[in-house]
Amino acid sequence: MFRYRMVSHTADIRVRVSSPTLEGLFQGAALSLCSLHVDRRRVREREAVKVSAEGYDMEDLLFNFLRECFSLIAVESFVYRRADVRIEDGGRVGATLR
């Protein structure tokens, strides 16, 4: 379970994500990113795309993961309704976006 909400910010966009688990935190961040572009309630789950990222610490891992998610949205025009995230050993994250 996770929560996210948009927070007012003077520069760009700010999102606050909270979760009791690390996977939930990454999931909430990925879904909030997609919600900035589309109304996820209107997105149909027609296909699944796997993404992965590496990082030398958790901040770098989250940044690289969100960069992969954003690349799908911006370059491939792939929007998703759901994100199944798994944190792997060795500073890796993998997710299936649907």
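Helices (H or I, at least four residues) and strands (E, at least two) are DSSP runs, numbered from the N terminus. This is a predicted model, in which local features need pLDDT of at least 70, side-chain atom pairs count only at pLDDT 80 or more, and totals for chains, interfaces and linings use all residues. Residues are numbered from 1 along each chain as its sequence is written, and side-chain values use heavy atoms, with hydrogens and water left out.

**View 1. Here is N64, a residue of helix α2.** N64 has a relative accessible area of 13%, so it is buried (under 20%, with a 1.4 Å probe and protein chains only). Leaving aside neighbours within four places in sequence, N64 is in contact (heavy atoms within 4.5 Å) with A53, E54 and G55.

**View 2. Next comes helix α2 and its surroundings.** Its buried residues, including D60, L61 and F65, pack against α1, β3, β4 and β5. At the N-terminal end, D57 caps α2, with a side-chain oxygen 3.3 Å from the backbone nitrogen of E59. After α2 comes S77, with a positive phi near 55°.

**View 3. Now look at the start of helix α1.** T21 caps its N-terminal end: a side-chain oxygen lies 2.9 Å from the backbone nitrogen of G24. G24 is also among the buried residues of α1, as are F26 and L33.

**View 4. Finally, meet the largest nonpolar core, with 19 residues.** Such a core is a set of buried Ala, Val, Leu, Ile, Met, Phe, Trp, Tyr and Cys residues joined through side-chain atoms within 4.5 Å. Those with the most contacts inside this one are F65, C69, Y80, V85, V93 and L97. At least two core residues come from each of α1, β3, α2, β4 and β5.

Definitions and conventions
Buried < 20%, exposed > 50% of the residue type's maximum accessible area, 1.4 Å probe, protein only. Polar contact = N/O pair within 3.5 Å; in protein donor to acceptor, adjacent residues only side chain to side chain.
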